[in-house]
Amino acid sequence: MTKLLNNRHFLGLLFMLPAAALLLVFLTYPLALGTWLGFTDAKIGRAGQWIGLANFRYLAGDSVAQLSLFNTLFYTVVASVLKFALGLWLALLLNRNLPFKSFFRAVVLLPFIVPTALSAIAFWWIYDAQFSVVSWALVKMGLIHRYIDFLGDPWNARLSTIAANIWRGVPFVAICLLAGLQTISPSLYEAAALDGATPWQRFRFVTLPLLTPIIAVVMTFSVLFTFTDFQLIYVLTRGGPLNATHLMATLSFQRAIPGGSLGEGAALATSMIPFLLAAILFSYFGLQRRKWQQGGRD
Amino acid sequence: MSKYTRRDFLKTTAGAAAAGSLGVGGTTWSENALAQGKWAPEKGAKLRVLRWKRFVQGDEDKWLENTKLFTRKTGVEVRVDSEGWEDVRPKAAVAANVGSGPDIIISTFEDAHQYPDKLVDVTDVCNYLGGKYGGWYDVCKDYCTDKGKWIAVPMGCAGNAIVHRLSHLKQVGFDEFPKDTAGFLKLCQALKAKGLPQAGFALGNATGDGNVWCHWLVWAFGGKMVDNKNNVVIDSPETLAALEYGKQLYQTFVPGTLSWLDPNNNKAFLDEQIGVTANGISIYYAAKTSKDAKMNALAQDIGHANFPIGPVGRPTELNLFFPMMLFRYSKYKNAAKAYLAFMMEKEQYEPWQQAALGYVSHPLKAYEKNPLWTSDPKNLPYSNSMKVMLPNGYAGTMGYASAATMADFIMVNMVAEAVSGAKTPKEAAERAKQRAERYYKL
């Protein structure tokens with residue numbers, strides 16, 4: 001026994017056990033269970049029979065599920081691109097020597113700190129068909145004559161939910177990128193300036209390459225968060241109008257819990273995994289490439 | 001209700017099992033139920049009850065007070081937990097199938113039909129109550145009986161009615177609220193033409209309000225999701241007629257109803273942006289109990305009416321029904337039955353209904369006489385809710401499929417798609433059929 005306890009490898013394994021157990025119980029098991037449920041016809045509280053790919057086959061032909069896939073992709077792509085652009089811009093601004101620098105940095109984080117459900121309720125009022133403050137202001141200014149139907153028109157609703165998601169997600173991107181910016185040595189900029197580089201060239205050939213590893217990580221997370229968004233939609237529209245804002249996550253919940261079709265809901269949730277994996281792989285094998293990071297091409 | 005003093009309390013507890021025969025407080029309860037030894041609570045019985053979370057504080061306070069009274073009379077401890085009404089359903093399903101959880105769950109709609117074999121036969125309780133209080137409304141049997149046995153005790157329903165403005169009716173030449181769908185459409189059109197606050201009905205994924213009025217609309221014209229053999233028959237000429245009518249009605253709506261969730265119509269009505277909507281009694285009470293004089297004046301002008309009757313010639317409402325289910329795994333079935341019966345007795349039920357301000361409509365006919373309904377005549381239409389409603393999943397049998405069909409908003413989506421013009425009525429009905437068949441096929 002003492003001999004064993006003196007063995008480095010054994011000790012290492014022993015010390016890893018608690019962490020491994022936690023991961024197994026709280027991560028691997030639920031994920032595996034969810035995946036398995038997707039291949040059964042389980043109802044809430046009733047164990048299901050294995051039915052193979054039947055759920056997936058049904059979902060592939062289900063017009064609401066198809067719509068939710070489109071909504072999810074549209075939501076993720078548009079929101080992520082805009083979050084990245086705005087986040088980077090904000091980070092660059094905050095990286096300058098501003099008065100009250102720490103204050104601004106703290107304030108910027110606010111949207112991220114407020115619980116989503118809470119900010120979603122604020123947006124729900126902002127977008128309300130009858131009480132929208134935006135519509136009210138525009139009407140008072142004489143710019144429009146009737147209230148904007150933010151959440152009642154399919155495309156308006158999609159764009160409105162995306163705007164709310166961006167508002168919430170920008171601080172995360174901005175603060176992470178700011179951290180990345182601060183690690184870049186000022187001497188590089190000095191050297192570039194001495195060589196006569198324009199501000200754009202400094203950004204393009206110094207900042208961007210050195211920031212790429214951070215961008216890769218941040219955007220991976222951002223895409224994952226956006227793709228799996230639930231709370232915002234659930235508070236604002238519950239997937240309406242006409243299912244135009246149903247994301248895969250919200251539809252999966254609607255089918256699985258209130259609808260009781262646990263198997264089908266799980267299948268829908270499982271269908272998100274390939275997309276999420278693709279996003280991760282892209283960041284791993286794409287954005288993390290040395291060559292890209294050094295500003296070169298393949 | 002009789003008052004309880006400390007002395008009564010001592011008597012009750014001292015009497016223990018014999019309490020009933022002492023006739024404490026002189027309630028009919030003790031004479032009828034306990035004295036007959038029908039449901040003498042098991043020794044050391046303790047109960048756990050899970051119910052939907054109150055819509056008004058008075059409901060919860062009174063329910064707990066009645067529960068305490070039960071504990072005092074029987075010595076049975078009862079713990080009551082509550083959850084948002086949409087969350088009770090999944091919990092009840094899990095409890096049913098895992099075989100452990102609260103003894104009694106007060107859930108919604110057709111839950112009793114989702115796991116009838118997991119529920120205790122409560123025919124004795126229901127027969128006793130029905131016999132004593134003028135019988136149950138027909139729809140109770142649809143929701144709570146299975147193969148001739150009662151599998152849940154009906155608690156009542158959260159009734160809906162058409163909330164409207166009395167003065168506006170007059171202004172557009174109506175003496176009373178129209179009783180049929182044709183007159184209703186004329187009224188809504190007249191309101192719009194006259195520039196008065198328009199109609200507004202929720203068309204978003206609004207679990208309560210959306211389902212309530214969309215089911216009424218389709219049923220009023222004879223459309224239905226399934227026939228009595230559970231074949232999906234939603235794609236029918238009757239449904240199309242309902243959707244065509246809905247299209248005309250939608251033209252009279254205030255903008256934005258496609259986005260409406262449950263609270264939107266309440267807010268818009270109280271702000272006088274709409275003048276006709278379907279809702280529980282909550283709008284009226286918010287206005288009546290407000291500290292704002294303008295709101296009180298609005299309350300004066302609010303009228304309630306049961307939903308108009310369509311070409312089928314009879315009421316076709318859907319209301320949020322509450323079954324009280326006693327689970328087989330409960331160790332104290334007698335205590336639970338005693339509790340259910342006790343809470344439904346007149347002495348408890350009527351004051352509780354009053355405390356709930358009419359949010360809950362009664363399932364037993366005798367409670368039509370509850371002074372609540374006549375003390376304020378505006379409450380009256382809500383007293384009819386159980387009388388005029390159809391069961392969910394009409395005209396088929398209730399169970400998993402009818403529940404899932406409602407949860408997936410198939411009816412609401414169909415109506416929203418058709419009336420807004422996003423799809424033709426035919427396309428919308430075909431899609432609804434396709435979606436519903438998935439659930440009814442299993």
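**Notes on the model**

Modeller: Let me begin with B:Gln273, which sits in the loop between α12 (264–270) and β9 (274–279) of chain B. Please keep in mind throughout that this is a predicted model.

Biologist: Okay, and is B:Gln273 buried, exposed or partly exposed?

Modeller: B:Gln273 counts as partly exposed, because it has 18 C-beta neighbours inside 10 Å, and the cut-off for buried is 20 or more.

Biologist: Which residues does B:Gln273 touch, leaving out those up to four places away in sequence?

Modeller: With those left out, B:Gln273 touches A:Gln130 of the other chain, together with B:Pro197, B:Val254 and B:Ala268.

Biologist: And what separates the C-alpha atoms of B:Gln273 and B:Tyr440?

Modeller: Their C-alpha atoms are separated by 40 Å, and the two residues are 167 residues apart along the chain.

Biologist: At what angle do the axes of α13(A) and α14(A) cross?

Modeller: The axis of α13 of chain A (residues 248–256) comes within 7 Å of the axis of α14(A), and the two cross at roughly 170°. That is why α13(A) is described as roughly antiparallel to α14(A). From α13(A) the contact is made by A:Met248, A:Leu251, A:Ser252, A:Phe253, A:Arg255 and A:Ala256, and from α14(A) by A:Leu262, A:Glu264, A:Gly265, A:Ala266, A:Leu268 and A:Ala269. By class, that contact has 8 nonpolar, 2 polar and 2 charged residues.

Biologist: Switching to chain B, where do the domains fall?

Modeller: The domain assignment of chain B gives domain 1 as 6–157 + 320–377 and domain 2 as 161–318 + 408–441. Taken over C-alpha atoms, the centres of these two domains of chain B are separated by 33 Å. Their contact takes 6 residues from domain 1 and 6 residues from domain 2, and the residues on the domain 1 side divide into 4 nonpolar, 1 polar and 1 charged.

Biologist: What about the largest nonpolar core, how many residues does it have?

Modeller: The largest nonpolar core has 198 residues, and those with the most contacts inside it are B:Ile104, B:Tyr339, B:Leu340 and B:Val415. Helix α9 of chain A (residues 154–183) gives the most to this core, with 10 residues, while domain 1 and domain 2 of chain B each supply at least three residues.

Biologist: Which residues does B:Val415 touch, again not counting those up to four places away in sequence?

Modeller: B:Val415 touches B:Leu203, B:Cys214, B:Leu217, B:Leu243 and B:Gly246.

Biologist: Last topic, the backbone. Which residues are joined by a cis peptide bond?

Modeller: In chain A, A:Gly240 and A:Pro241 are joined by one, with omega about -10°, and A:Pro241 is in the loop between α12 (231–236) and α13 of chain A. In chain B, the bond from B:Tyr394 to B:Ala395 is cis too, with omega near 0°, and B:Ala395 lies in the loop between α19 (385–388) and α20 (400–407) of that chain. I would look at these by eye, given that most peptide bonds are trans.

Biologist: And phi, which residues other than glycine have a positive value?

Modeller: Among them are B:Phe109, with phi of about 50°, and B:Leu357, with phi near 60°. B:Phe109 lies in the loop between β3 (104–106) and α6 (123–132) of chain B, and B:Leu357 in the loop between α16 (346–355) and β12 (360–361) of chain B.

Biologist: Are those two buried or exposed?

Modeller: B:Phe109 is buried, because 26 other C-beta atoms lie within 10 Å, and B:Leu357 counts as buried with 23 C-beta neighbours inside 10 Å.

How values were computed
Residues numbered from 1 in each chain as written. Chains lettered and ligands numbered in written order. Predicted model: local features only at pLDDT ≥ 70, side-chain atom pairs only at ≥ 80, totals over all residues. Axes fitted to C-alpha atoms, helices over the stretch in contact; angles between N-to-C directions. Helix = DSSP H or I, 4+ residues; strand = E, 2+ residues; numbered from the N terminus. Parallel < 35°, antiparallel > 145°, perpendicular 65-115°, else oblique. Contact = placed C-beta atoms within 7 Å. Nonpolar A, V, L, I, M, F, W, Y, C, P; charged D, E, K, R; others polar. Domains from an automatic or database assignment. Core = buried A, V, L, I, M, F, W, Y, C linked by C-beta atoms within 7 Å. Buried ≥ 20, exposed ≤ 12 C-beta atoms within 10 Å, placed from the backbone.
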